[in-house]
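Please open the model in a viewer and keep the selection panel at hand.

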Amino acid sequence: MKIAILGAGALGSFYGAKLAEAGEDVTFIVRSSYNAIREHGLEVQSVDGDIFLPRPKVCKHASECGPVDLVIVCWKAFYNDQLAGSLPHLLKEGTEVLSLQNGMGNAEAISAFVPPENVYVGLCFVCCMADTPGVVRHLEGGDVQFAPFRGTDAGYERACEFAEQFKRAGIRSTAYKDLEYIQWHKLIWNIPFNGLCLVHGGISVPELFAMPQEVERARAIMGEVCAAAKLRGFPLPASLTENQMRRTAAMGDFIPSTAVDFLRKRAIEYDAIWGIPLQRALDAGASVPAMSGLCAEIRHCIGME
């Protein structure tokens with residue numbers, strides 16, 4: 001299987017390196033780190049064991065790569081307006097596209113170019129950062145939850161095959177039939193912690209946990225996310241909030257990706273992580289004052305209002 005990683009930042013480089021080390025034919029499509037990776041290779045400094053690819057296949061643009069069997073979209077959701085200029089170069093009959101992006105709305109954007117039955121989503125529970133071009137620091141986690149965009153039996157079976165493929169690369173993976181379930185499962189962390197670290201100026205998780213009132217605020221938001229998911233027909237495990245709180249409290253010096261983007265004055269994935277989920281929660285009749293308040297703060301911080 002020929003695989004293209006579209007948007008090989010920290011996350012794309014981490015998973016692409018794991019797949020390449022396992023023997024998959026992987027091409028990394030990357031711009032900002034292109035020269036560093038081409039000249040010095042790709043390095044992953046991981047808590048699970050370091051990886052070094054001395055001569056990975058790397059391109060600046062999808063047109064240099066050509067058609068592949070699987071496209072893994074890893075760039076931030078705000079780059080989805082560039083799908084039209086990149087994705088068609090990678091497609092042939094039967095090409096599948098797997099989004100490893102945060103939030104909601106990504107599969108819908110991809111399905112404008114690919115038959116919906118060939119679109120899949122993987123939600124990644126991982127802490128990784130790329131402070132230096134061509135070098136990824138993997139601090140914690142790595143699990144991926146897969147689901148098809150269209151929740152058919154055939155789609156679920158293919159999602160299971162993706163999970164097995166990633167397991168062979170040493171990545172803990174699980175497949176589900178319902179995409180929205182895994183989206184809420186990931187958003188229970190992303191909505192509060194990406195958001196709160198952002199509105200406090202781009203702080204790290206340990207810095208946030210030094211503010212007891214913000215920890216309780218995060219817990220309240222997580223409760224609202226659970227309530228919204230239940231009203232949408234996707235009840236989450238009762239233990240999920242406290243399990244995520246314990247996991248987060250034990251994280252190292254990690255700054256969530258959206259907070260990093262805020263620090264670096266980049267665009268923010270507002271719609272995917274906050275805007276669409278908030279609207280779905282409100283449409284379902286959920287009472288979400290804490291989530292709504294955080295969303296308003298984020299919009300103010302990033303100049304949306």
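On a 1 Å grid over the protein atoms alone, a cavity is a set of points where a 1.4 Å probe fits but cannot get out, whereas a pocket is an open set with protein on both sides within 12 Å along at least five of seven lines; lining residues have an atom within 4 Å of a point. Grid points are joined across faces, edges and corners, and a volume is the space filled by probe spheres set on the points. The model is a predicted one, in which local features need pLDDT of at least 70 and side-chain atom pairs count only at pLDDT 80 or more, while totals for chains, interfaces and linings use all residues. Residues are numbered from 1 along each chain as its sequence is written, and side-chain values use heavy atoms, with hydrogens and water left out.

**The largest cavity.** Select Phe14, Lys18, Asp48, His138, Gly141, Gly142, Asp143, Gly170, Ile171 and Arg172, which line the largest cavity. The space inside amounts to about 60 Å³. Helix H1 (10-21) and strand E9 (135-148) each supply at least two residues of this lining, and E9 provides the largest share, four residues. Helices (H or I, at least four residues) and strands (E, at least two) are DSSP runs, numbered from the N terminus.

Next select Phe125, Asp143, His185, Gln244 and Arg247, the closest to the centre of the second largest pocket among its 14 lining residues. This pocket holds about 220 Å³ of space. Which element gives the most to its lining? E9 does, with five residues; strand E10 (173-175) and helix H10 (240-249) also supply at least two residues each. The lining divides into three nonpolar, seven polar and four charged residues.

**The nonpolar cores.** Now display Leu90, Trp184 and Trp274, which touch the most other members of the largest nonpolar core, a set of 72 residues. Helix H7 (residues 179-199) gives the most to this core, with 13 residues. A second, separate core of 37 residues includes Tyr15, Ala17, Leu53 and Ala159. A nonpolar core is a set of buried Ala, Val, Leu, Ile, Met, Phe, Trp, Tyr and Cys residues joined through side-chain atoms within 4.5 Å. Buried means under 20% relative accessible area, exposed over 50%, and partly exposed in between (1.4 Å probe, protein chains only).

**Cysteines.** The structure holds zero disulfides (pairs of cysteine sulfur atoms within 2.5 Å). For cysteine 127, the nearest cysteine sulfur, that of cysteine 128, is 7.9 Å away. Cysteine 127 is buried at 3% relative accessibility. The sulfur of cysteine 197 is 11 Å from the closest cysteine sulfur, in cysteine 127, too far for a bond. Cysteine 197 is also buried, at 0% relative accessible area.

**Two last stops.** Serine 33 sits in the loop between strand E2 (25-29) and helix H2 (34-40). Is serine 33 buried or exposed? Serine 33 counts as buried because its relative accessibility is 14%. Finish at glycine 223, in helix H9 (residues 212-231), which is partly exposed at 36% relative accessible area.

Key. Ala, Val, Leu, Ile, Met, Phe, Trp, Tyr, Cys and Pro count as nonpolar, Asp, Glu, Lys and Arg as charged, and the others, Gly among them, as polar.
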